Amino acid sequence: MMALWESLPAFLRPTAVILLLTVVLILSVAYLTLWERKLIGWMQVRRGPNRVRIFGFLPGFGQPFADVIKLLIKEVVVPSQSNKVLFRLAPAITLIPAFAIWAVIPVAPNYAIANVDAGLLYVLSLTSVGVYGVILAGWASNSKYAFLGAMRSAAQIVAYEIAMGFALVGVLMASGSLNLGTIIEKQQGGLFSWNWFPLFPLFIVYFISGVAETNRAPFDVAEGESEIVAGFHVEYSGIGFALFFLAEYANMILIAALTAVFFFGGWQTPLTMFVAQDSSLFQVPFLGLLLNDGTHWLALKTFLFLCLFLWLRATFPRYRYDQIMRLGWKALIPVTIVWIFVEMLMIHYKIGPWSA
């Protein structure tokens, strides 16, 4: 594999990584839907999907492909009084940023597709674009139910995006850089050197805001209970609905990966302190590969945060809309502001991680 990689021209290598990453993300989204149903089934002492097989093997593993085929062959209905151009464009506006952000995420030690110094600004700007797809979907449908769902979702996303932005200000202060690779490198030193330890309140705020940003339970107010509709995408069918569905799960994977990057050392191993006394462990071929920094650690951390997403859905009832707004504006934003001030004092007086 290394010989094949070296034989590729330099300009083709980023393209190969982009294609590989895109395929992995699409498959991850597909199987995240299966894992969600299986994990919540285990929590609730019932079976998840266990019928559709792949070539007669692996019960349930063919379910994501069955879902995709079903959605692809369903008729696409475009309301006659809708804005047909924006109606078709909205799902793409929601989905594309969730994939484009991966361009600046360091997926391996010292490697990102685009190693830009303003990576954090790029992440914040593209995460803000997704709300336009939500608003356009509701407005272009020319349906009052869809428009009400879009307004609820947009207000929620804006409220929690502010809290998320303030939480990332604390990460910026801790690392002194907007480059995501540098943010990871500044967390060198093992488990308790990662940002989650000195910035624990900001980590909690960021993750809660991420759950709300993706419209996941218990923050899924887009689906109005009293209206018995699906919110801003109620008029969509077939592949249009599938793209919104895909965007939700793609954003879940993105938020989980960004949480690992900003607060849990990204691709860094948590086992540094345990093997420091016996460096010979790193020389064992397969074991050394597992213990060293690498993409597998980023993938494992992302998977654990995704399981937390699903755990929250299985545990908490849906909040009322006024409770969601109160939590965002009156709890999370003040917490981030206070902790940024505390962090400023810790940096100024060289306390904790800034003592050196």
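Ser153 is buried, because its relative accessible area is 0%, where buried means under 20%, exposed over 50% and partly exposed in between, with a 1.4 Å probe and protein chains only. The model is predicted, so that local features need pLDDT of at least 70 and side-chain atom pairs count only at pLDDT 80 or more, while totals for chains, interfaces and linings use all residues. Residues are numbered from 1 along each chain as its sequence is written, and side-chain values use heavy atoms, with hydrogens and water left out.

Ser153 belongs to helix 6 (residues 144-175); helices are DSSP runs of H or I with at least four residues, numbered from the N terminus. Apart from neighbours within four places in sequence, Ser153 is in contact with Val134, Asn215, Ala222 and Phe232, contact being heavy atoms within 4.5 Å.

The structure holds 26 aromatic pairs, counted when ring centres of Phe, Tyr and Trp (its six-membered ring) lie within 6.5 Å, with planes under 30 degrees apart called stacked, over 60 edge-to-face and the rest tilted. One of them is the edge-to-face pair of Trp194 and Phe264, with 6.3 Å centre to centre and 65° between the planes. This pair links distant parts of the chain, 70 residues apart, and both Trp194 and Phe264 are buried.

| Residue | Loop |
|---|---|
| Trp194 | between helix 7 (180-185) and helix 8 (200-213) |
| Phe264 | between helix 9 (238-263) and helix 10 (272-275) |

Ile69, by contrast, lies in helix 3 and counts as exposed because its relative accessibility is 51%.

Notes
Helices (H or I, at least four residues) and strands (E, at least two) are DSSP runs, numbered from the N terminus.
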